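Dear colleague,

Please find below the structure that I am handing over to you. My notes on it follow, arranged by topic.

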Amino acid sequence: MHGLPALKLSSLARQFSLLVALSLGASSVFSDQQLEDNAWHWLERLSKSFSQLNYQGVFTFQRGSTLESLRLSHAVMAGEEFERLEYLDGDRRQIIRRGQSVQCIHPGHQLQRLYTEKQALSSPMATDALRPYYRAAISGDGRVAGHLVVDVILTPLDTHRWGRKLSIDKDTGLLLRSEIIGDEQRVLERFQFVDVKIGGELPDQLFEANNQFEAANVPTKSLDAEQCQWRAQWLPGGFELVSISADDLQQVATFTDGLAVITLFVEPVVNGEDGGASTRRGATVAFSRILSADDTLLKVTVVGEVPMATAQKIAESVTYTGS
Amino acid sequence: MNDQLRESMSALMDGEADALEVRRIVASSDAELRSTWRRYHLMRDAMHQQELSFQGLDVTAAVSEAIAGDRELYSSRRVSAGSRWWRPAAGMAVAASVALVMVFGVRSFESSETTAAVNVAVAPQFTPAQPASITTSKVYPVNGFPSQRAGNVAVSLDYAGPNTGFSNTAGSKATENRLEHYLLKHTERAALNNGQGIITFARVASFETE
């Protein structure tokens with residue numbers, strides 16, 4: 001065996017052990033690699049299911065000591081997605097989506113139109129893009145909201161992002177529970193269905209938007225990276241720019257590795273505004289600092305579901321490149 | 001990073017560290033220490049490398065008061081339109097803001113040992129020559145940072161304490177509104193890109209009113 005490349009040796013060893021295990025009649029003889037491939041397979045199923053299936057259920061959102069309950073309805077009709085998210089606790093807020101139009105209804109306020117910039121509203125998880133940065137493994141079976149699920153753990157391969165635990169319905173591939181895991185295996189936030197009905201027809205009236213209010217319309221436009229007078233010099237591996245939008249107040253850039261999302265805000269400093277502030281809410285952090293730009297000051301804020309050190313590093317890497 | 005290291009580093013920043021402290025810091029392999037050290041200098045550099053004398057500035061009394069009670073550290077003087085408070089025109093006020101930013105900076109580490117009292121104790125000693133300007137008052141978290149939150153920066157869903165899951169530095173309503181704005185805009189984008197869709201909006205459900 002001396003002189004064989006290490007890869008070949010371990011592959012041989014693997015095949016040998018597989019053979020031995022089979023001959024011993026072991027029931028479940030998946031190698032590590034096969035288990036991992038299975039995990040990715042489940043993630044691919046998940047990434048399609050949430051946009052393609054009809055479902056309705058109640059889920060909880062937990063972070064710190066707060067717990068929110070929400071009802072979610074989702075249907076695909078004539079090739080278009082319809083969704084309704086109702087907040088069951090506190091104020092009666094709703095988000096209704098009909099195709100590409102999303103509205104947020106909050107009593108006492110004007111109807112607010114979300115996603116004022118043109119954006120594709122349905123993007124499945126790009127599981128291939130995740131592979132270099134996360135290890136996926138099936139940690140076992142479980143049961144959530146009365147459905148049998150498979151638990152997939154995503155472990156980040158660097159310290160710039162958090163891990164995930166995703167519980168996927170075995171029948172349909174729908175995500176029934178999702179956790180963001182921080183340091184020391186602490187759960188930073190959790191989404192979990194408590195009751196869900198998958199499949200079946202949902203009435204169109206369920207997704208009726210309330211057209212009584214005037215929607216506030218803030219003009220925004222898209223920018224290319226070259227049009228910005230600043231640049232983030234450092235991003236964790238795998239994070240790509242998704243879009244930059246701008247309105248009168250600020251420029252907003254979004255980066256993602258396919259799972260974690262970071263938003264960068266650049267805006268002129270308002271009188272007396274502070275800098276160097278950091279905030280955390282569950283898995284979401286925000287870090288801001290002041291940047292010198294010619295003869296003005298810019299405030300740079302990074303928001304995302306990443307470690308604070310990551311947000312800080314990104315914010316501090318932003319430089320002013322001039323016009 | 002333990003208290004001893006923190007104190008030694010503060011002393012070193014002031015140029016007051018003795019040989020033992022210097023050795024302790026240099027020999028330390030604590031990653032957090034390096035990060036803190038870097039951050040302190042980053043802030044200092046942002047002041048355009050002004051020669052800042054820390055001697056004779058002491059805001060610890062004011063900060064301690066803020067922790068103990070509800071006293072707000074805002075001064076009635078507002079920064080006038082267009083003024084560059086960041087520029088060291090008022091060198092002392094800026095130095096004080098650096099001190100408080102440092103207190104803040106140490107706080108934001110995810111260290112379970114961090115407490116408000118400890119941070120204040122190791123802050124470099126500053127005495128503002130004038131009443132704290134609004135620039136200094138805005139930066140610190142101390143006012144809004146009850147010590148029980150400070151004890152557990154890494155929020156755990158199993159944490160049985162009174163933590164509402166919202167640890168932050170926002171001292172003013174305006175800052176909080178700004179934060180809500182950032183969170184909403186971020187959530188809109190996160191819902192599109194994180195593979196989980198509209199359930200992501202559950203994150204903006206909890207509008208904390210304090």
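A charge is taken to sit over a ring if NZ of Lys or CZ of Arg is within 6 Å of the ring centre and within 35 degrees of the ring normal. By that criterion, the charged end of Arg161(A) sits over the ring of Tyr134(A), 5.8 Å from its centre. Arg93(A) likewise has its charged end over a ring, that of Tyr87(A), at 4.5 Å from the ring centre. Please note that the model is predicted.

The two chains

Chain A contains four helices and 20 strands. It has 323 residues, and buried residues make up 50% of them. Of the contacts in chain A with a separation of 6 or more, 48% are between residues 24 or more positions apart. The chain exposes about 15,300 Å², with carbon and sulfur atoms supplying 51% of that area.

Chain B has nine helices and one strand. Read from the N terminus, its elements follow the order α-α-α-α-α-α-α-α-β-α. Of its 210 residues, 55% count as buried. Among the contacts in chain B between residues at least 6 apart in sequence, 70% join residues at least 24 apart. Its accessible surface comes to about 9,100 Å², and 53% of this belongs to carbon and sulfur atoms.

In chain B, helix α1 covers residues 3-13, and its buried residues are Leu5(B), Arg6(B), Ser8(B), Met9(B), Ser10(B), Ala11(B) and Met13(B). Just after this helix, Gly15(B) adopts a positive phi of about 75°.

Nonpolar cores

The largest nonpolar core holds 42 residues, of which Leu43(A), Leu154(A) and Leu264(A) touch the most other members. The element that gives the most to this core is helix α2 of chain A (residues 32-52), with five residues. A second, separate core has 24 residues, including Leu85(A), Ala191(B), Phe201(B) and Ala202(B).

Leaving aside neighbours within four places in sequence, the contacts of Leu264(A) are Trp230(A), Ala232(A), Gln251(A), Val252(A), Ala253(A), Phe255(A), Val300(A), Thr301(A), Val302(A) and Val318(A).

Helix α2 of chain A also contains Asp32(A). Is Asp32(A) buried or exposed? Its relative accessible area is 66%, and the cut-off for an exposed residue is over 50%, so Asp32(A) counts as exposed. Asp32(A) and Ala137(A) lie 105 residues apart in sequence, while their C-alpha atoms are 8.6 Å apart in space.

Aromatic pairs

Over all chains, the structure holds five aromatic pairs. In one of them, Phe265(A) and Tyr182(B), the ring centres are 4.6 Å apart.

Elsewhere, ring pairs link Phe59(A), Phe61(A), Phe191(A) and Phe193(A) into a cluster.

With kind regards

Methods: Residues numbered from 1 in each chain as written. Chains lettered and ligands numbered in written order. Predicted model: local features only at pLDDT ≥ 70, side-chain atom pairs only at ≥ 80, totals over all residues. Heavy atoms only, no water. Helix = DSSP H or I, 4+ residues; strand = E, 2+ residues; numbered from the N terminus. Buried < 20%, exposed > 50% of the residue type's maximum accessible area, 1.4 Å probe, protein only. Contact = heavy atoms within 4.5 Å. Areas by Shrake-Rupley, 256 points an atom, 1.4 Å probe, with all protein chains shown as cover. Core = buried A, V, L, I, M, F, W, Y, C linked by side-chain atoms within 4.5 Å. Phe/Tyr/Trp six-rings, centres within 6.5 Å; stacked < 30°, edge-to-face > 60°.
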